[in-house]
Amino acid sequence: MKRALTIVFLLAIIGVMTGLVSYSVTIYRLFCQVTGAGGTTQRVSADSGPTLAREVTVYFDTNVAPGLPWRFVPLQRSIKVHLGQQALVYFEAENLSDTDIVGHATFNVTPDKVGVYFKKIQCFCFTEERLEAHKKVEMPVTFFVDPRLATDRGTADVDEITLSYTFFRSARPEGAEDLARFGQVASAEAGKTLFERLCAGCHGLVTAKAGPPLAGVVGRVAGGASGYPYSLALAQSGLVWTEATLDHWLAGPQTLVPGALMPMAVPDESARRDIIAYLKTLDAARQSGESPAKAPPG
Ligand code: HEC
């Protein structure tokens, strides 16, 4: 009889322990988000307070858990920041598989004692993130190191911090957000194909066709290719071609410049992004034989 009681008692303990284990991730997370313990960082929406002269170097480290066919890398190895100074860094993720996959990132800061002072304003942490098959995205993280790090004797010796992320395959893919919201990486290669299909009929790189030549167009003033008979509207627009103005132009030339004569538009945002990425490479065409029209001064 006694033995039976002991067994019941032990089973109850096992039950409680199992419950704790399955909840502990959540509990740990909540606990860490509130306290910043265990090298977990704080997420804030407030501003960073005063900026101090003291600098720390923040290193970035990324890991992908087994079973997640993603490539995940920091786009900078490290960055030097003043305490209190906001910094913007990027990470890149690519889904190497043929199916859409939902991932989930956790992060950690070392040394552990710095966790409470490492404040993130924007990040992709702790949310379920969907990445489409073969898509590549750049994800921004905005952070600062709390100036109070300087007044803590325990962190007097810290001049290097490592922010480490690990992406796991999500156990709860329902309701995931789309990582594409951070902006897909423009592909100049895709842009070249689009250019040849949509633009090359009217635009050469160095010779005028129905439209002006476009090599070196990024950074050039609108209406700036010499010898091409532009519309007065475009010639007098005062625009300079940047990523932003080109995007508006391609979305609707007459919306940006009423009276302009380019008779087509590219409604698809990601197609415009790729085409512009290609246009940006066209300066390199100088090396490959053709010598493009000279950009005018200014
Ligand atoms: C049917 C002919 C035609 C097509 C197709 C066309 N364009 Fe144009 N484009 C023009 C003309 C004409 C102008 C000059 C407009 C003016 O003078 O008002 C122009 C002007 C431009 C300019 C301004 C250049 C400068 O020197 O100021 C850019 C940039 C441009 N086009 C990009 C493109 C891109 C990118 C595509 C493909 C997505 C494209 N165009 C497709 C006819 C065309």
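Modeller: Let's settle some words before we look. Ala, Val, Leu, Ile, Met, Phe, Trp, Tyr, Cys and Pro count as nonpolar here, Asp, Glu, Lys and Arg as charged, and everything else, Gly included, as polar. Keep in mind too that this is a predicted model.

Now to the ligand. Sorted by those classes, the shell around it holds 23 nonpolar residues and six polar ones, with no charged residues. There are 29 residues around the ligand, and the ones that come nearest are Cys-199, Cys-202, Gly-211, Ser-231 and Met-262. Two elements, helix 3 (232–235) and helix 4 (243–251), each give two or more residues to this shell. Helix 4 gives the most, with three residues.

Three of its residues, Leu-246, Trp-249 and Leu-250, are buried. Look down the axis of helix 4 and these buried residues fall within an arc of 90°, so they line one face of the helix. What lies over them? The cover on the buried residues of helix 4 includes helix 5 (253–256) and helix 6 (269–281).

Leu-239 has 18 other C-beta atoms within 10 Å, so it is partly exposed; to be buried it would need 20 or more. Setting aside neighbours within four places in sequence, Leu-239 is in contact with Ala-222 and Thr-245. Leu-239 and Ala-222 are 17 residues apart along the chain, and their C-alpha atoms are separated by 5.3 Å.

Thr-242 lies in that loop between helix 3 and helix 4 as well. Thr-242 has 13 C-beta neighbours inside 10 Å, so it counts as partly exposed.

Now step back to the whole chain. The protein chain has six helices and 11 strands, and buried residues make up 27% of its 298 residues. Among contacts with a separation of 6 or more, 72% come from residues 24 or more positions apart.

Where do the nonpolar residues gather? The largest nonpolar core has 32 residues, and Phe-118, Met-139, Val-145 and Ile-161 touch the most other members. Strand 2 (55–64), strand 5, strand 6, strand 9 and strand 10 each supply at least two residues of this core. Strand 9 gives the most to it, with six residues. There is also a second, separate core of 14 residues, including Ala-186, Ala-215, Leu-246 and Leu-279. Leu-246 takes us back to helix 4, where it is one of the buried residues. As a general point, nonpolar side chains tend to be buried together in soluble globular proteins.

Six of them form an open sheet in the order 4-2-10-6-8-11, with mixed pairing. At its edges are strand 4 (78–82) and strand 11 (177–178), each of which pairs on one side only. Inside that order, strand 6 (residues 101–110) and strand 10 (residues 160–169) run antiparallel and are joined by eight bridges, with Thr-106 standing opposite Thr-166 in strand 10.

Strand 5 (residues 87–95) has pairings of its own. Strand 3 (residues 70–74) pairs with strand 5 in the antiparallel sense over five bridges, and Val-73 stands opposite Glu-92 in strand 5. Strand 9 (residues 136–145) also runs antiparallel to strand 5, joined to it by eight bridges; there, Tyr-90 stands opposite Pro-140 in strand 9.

Thr-110 and Pro-111 are joined by a cis peptide bond, with omega about -5°, and Pro-111 is found in the loop between strand 6 and strand 7 (118–122). His-134, in the loop between strand 8 (128–131) and strand 9, has a positive phi of about 60° although it is not a glycine. In general, most residues other than glycine have a negative phi, and most peptide bonds are trans. His-134 has 12 C-beta neighbours inside 10 Å, so it counts as exposed.

Conventions: Residues are numbered from 1 along each chain as its sequence is written. This is a predicted model: local features need pLDDT of at least 70, side-chain atom pairs count only at pLDDT 80 or more; totals for chains, interfaces and linings use all residues. A residue is near a molecule or strand if its C-beta atom, placed from the backbone, lies within 6 Å of it. Helices (H or I, at least four residues) and strands (E, at least two) are DSSP runs, numbered from the N terminus. Two strands pair if DSSP finds at least two bridges between them. The arc is that of the directions from the helix axis to the C-beta atoms. Two residues are in contact if their C-beta atoms, placed from the backbone, lie within 7 Å. A nonpolar core is a set of buried Ala, Val, Leu, Ile, Met, Phe, Trp, Tyr and Cys residues joined through C-beta atoms within 7 Å.
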